[in-house]
Amino acid sequence: GGEDTREITEVTQKFVTNKVARLESYLSYLQEYQNPMVTRAWPINTNFVGNNETVTDTVFLKSMRAESKGLVYNEWVRAGPRKQTYFAPSEVNAAIVACGGLDPGINIVVREITNTLHYGYNVKRAWGVRFGWRGFYDEAAKDWLELTQETVLHIHKEGGSVLGYSTDLCDVEQVLTVLEERGVNMLFLLGNVDACRDAHAIQMGAVARKMKLSVIMTPKSIENNFPFIDKCIGFDTIVQGAVEAIDKVLLAASSVQNGIGICKLGSGSMCLHAVLASGSADVCLLKAVPFEPRVVFDYVAKVVQRKGYCIVVVEDGAGEDHVKKWVAKMVEGTEKRVPCGGSVDECVGKLPNPQHHRPEGLAEQQSGTKDWGEFAAFDIGQFLKESVIAYFAGLSVPVTVRLSTPEWYIRSMPAMASDRIFCTVVASNVVHSAFAGFMDLVIGRVNQRYVYIPIESVLNPKHKPTITESSRMYNRMIRATGQPSFQRLGQAKLITGRGDVRRAFTPNEALSELKNKGQ
């Protein structure tokens with residue numbers, strides 16, 4: 001019953017409305033239909049979205065920092081069912097393609113798209129394209145999976161993908177030809193930002209051919225690097241899996257004398273979130289932030305001297321220049337490699353083709369040899385493992401190093417509860433967008449509201465999210481690990497402190513203390 005102290009503020013910020021392309025822009029003959037959900041007796045649906053309804057970005061008020069940047073805010077078309085549609089249920093022939101690798105949540109999206117088509121719009125024809133783009137030109141994979149309530153009944157409880165996956169590239173003209181031959185008029189894609197380029201090219205090809213085809217993207221990426229949106233499907237599960245992997249590395253490293261655990265994860269965003277959530281990592285190394293290995297090892301020595309073990313989380317692809325030099329030296333025979341265990345599988349990076357790894361100066365005919373094949377497989381995980389063993393050997397200090405590369409275990413996990421809900425809402429809005437006549441868009445959640453984002457906006461380079469030393473998330477990670485800058489030898493300045501392990505040190509101090517302990 002106290003006095004109301006609230007104030008009314010008039011917002012004067014500038015907003016840019018991001019309009020989404022529609023089928024009627026190139027198909028003038030389109031007929032409108034009443035949404036089947038309008039007249040349905042049950043369930044009662046009064047949540048239809050107005051044609052001009054929009055959702056805004058988070059708006060900052062009374063923020064000098066925001067004002068200094070001259071921020072212009074976005075308005076996005078709000079997702080949801082419209083009362084009028086541009087497809088008759090009987091004409092719809094939908095196909096779902098999961099592009100790229102495995103990710104948690106694929107099966108949830110497939111299931112909910114199928115159920116929304118059937119229960120929401122009375123659609124009887126839906127197909128799951130097998131093995132990504134391969135399903136459009138490989139004869140064995142062209143046997144698409146018919147999606148019915150029976151085939152998708154329990155797939156939300158399973159990991160992996162009911163559709164299978166491949167890393168084949170997209171042949172736009174071939175895809176369009178197959179879609180035209182099969183009479184597909186709704187194409188639902190799951191993929192990363194690169195897959196958005198293929199989706200956009202397919203949509204533009206459909207426009208050129210005057211095909212009635214709505215191409216809709218669902219963001220799926222362990223990098224979680226789509227601009228504007230809160231997160232990609234399955235990302236909560238990915239982080240949970242990464243945390244479990246770090247916890248297991250911690251157990252392995254802390255159970256031995258002078259244990260060092262290295263956990264290699266698939267993306268920078270995955271590393272940052274997992275390090276924050278686990279609270280167990282001492283070092284986090286990313287592609288976006290350069291580091292000097294010797295400075296890293298000096299710090300690891302300090303942590304081991306203090307705690308008895310050290311946990312390092314590293315992004316796949318980090319320290320690329322250091323790895324290339326290391327591989328080149330082995331190829332040239334100037335550096336002797338002493339194998340230290342570990343399967344080849346745990347050393348394979350994201351570029352399986354040795355041509356991508358071949359150092360300058362290596363003869364073309366050598367690229368297929370057994371020796372080069374071994375060298376080509378090594379990445380930052382194996383580099384750190386072997387280098388840190390060599391470093392401590394120079395100190396005459398015994399260490400045990402455990403390297404874990406759990407990416408594919410994480411990718412194939414069943415989606416956790418929060419992701420199941422998120423994927424379900426995203427997938428239902430995928431179907432609503434196509435029936436409303438929208439095309440060439442990405443479904444996403446912005447400011448806790450589901451919206452339609454033009455693919456061209458996603459592909460604009462100026463909107464690409466980046467990780468830097470000044471990023472909020474990176475600085476949160478620094479506060480969690482307490483690690484110093486690893487960029488210059490002898491310049492390990494700690495950004496923040498938390499006890500003995502985190503204070504500034506000189507390399508010689510760390511080495512002498514560890515040597516004494518080793519003796």
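Buried means under 20% relative accessible area, exposed means over 50%, and partly exposed lies in between (1.4 Å probe, protein chains only). The legends below describe a predicted model, in which local features need pLDDT of at least 70, side-chain atom pairs count only at pLDDT 80 or more, and totals for chains, interfaces and linings use all residues. Residues are numbered from 1 along each chain as its sequence is written, and side-chain values use heavy atoms, with hydrogens and water left out.

**View 1. Thr237 in helix H5.** Thr237 is part of helix H5, residues 235-254; helices (H or I, at least four residues) and strands (E, at least two) are DSSP runs numbered from the N terminus. With a relative accessible area of 1%, Thr237 is buried. Beyond its neighbours within four places in sequence, Thr237 is in contact with Pro104, Met413, Pro414, Ala415, Met416 and Asp419, where contact means heavy atoms within 4.5 Å. The C-alpha atoms of Thr237 and Ala415 are 5.7 Å apart, although 178 residues separate the two along the chain. A polar atom of the Thr237 side chain lies 2.9 Å from the backbone nitrogen of Met416.

**View 2. The largest nonpolar core.** A nonpolar core is a set of buried Ala, Val, Leu, Ile, Met, Phe, Trp, Tyr and Cys residues joined through side-chain atoms within 4.5 Å. The largest one has 49 residues, and Ile113, Leu117, Met186, Phe188 and Phe435 have the most contacts inside it. Strands S6 (94-98), S9 (186-191), S15 (441-446) and S16 (449-454) and helices H2 (106-121) and H13 (417-435) each supply at least two residues of this core. H13 gives the largest share, eight residues. Apart from this core lies another, of 38 residues, among them Val129, Leu179, Ala199 and Val451.

**View 3. Surroundings of Phe188.** Neighbours within four places in sequence are left aside here. The residues in contact with Phe188 include Ala94, Ala95, Ile96 and Val97. Ile113, Leu117, Ile216, Val430, Val431 and Ala434 are also in contact with Phe188.

View 4. Cys170 is in no disulfide; its nearest cysteine sulfur, that of Cys99, is 7.4 Å away. Cys170 counts as buried at 17% relative accessibility. Cys271 is in no disulfide either, and the sulfur of Cys284, the nearest cysteine sulfur, is 5.0 Å away. Cys271 is buried, with a relative accessible area of 0%.

**View 5. Aromatic pairs.** Rings of Phe, Tyr and Trp (its six-membered ring) pair if their centres lie within 6.5 Å; planes under 30 degrees apart count as stacked, over 60 as edge-to-face and the rest as tilted. The count by this rule is 13 aromatic pairs. Phe15 and Tyr73 form a tilted pair, 5.9 Å centre to centre with 40 degrees between the planes. Phe15 lies in strand S1 (residues 15-18) and Tyr73 in strand S4 (residues 73-78), so the pair ties together parts 58 residues apart in sequence. Phe15 is partly exposed at 30% relative accessible area, whereas Tyr73 is buried at 5%. Tyr165 and Trp408 form a stacked pair, 5.7 Å centre to centre with 20 degrees between the planes. Ring pairs also link Phe87, Tyr121 and Phe435 into a cluster.

Terms used:
Disulfide = S-S within 2.5 Å. Polar contact = N/O pair within 3.5 Å; in protein donor to acceptor, adjacent residues only side chain to side chain.
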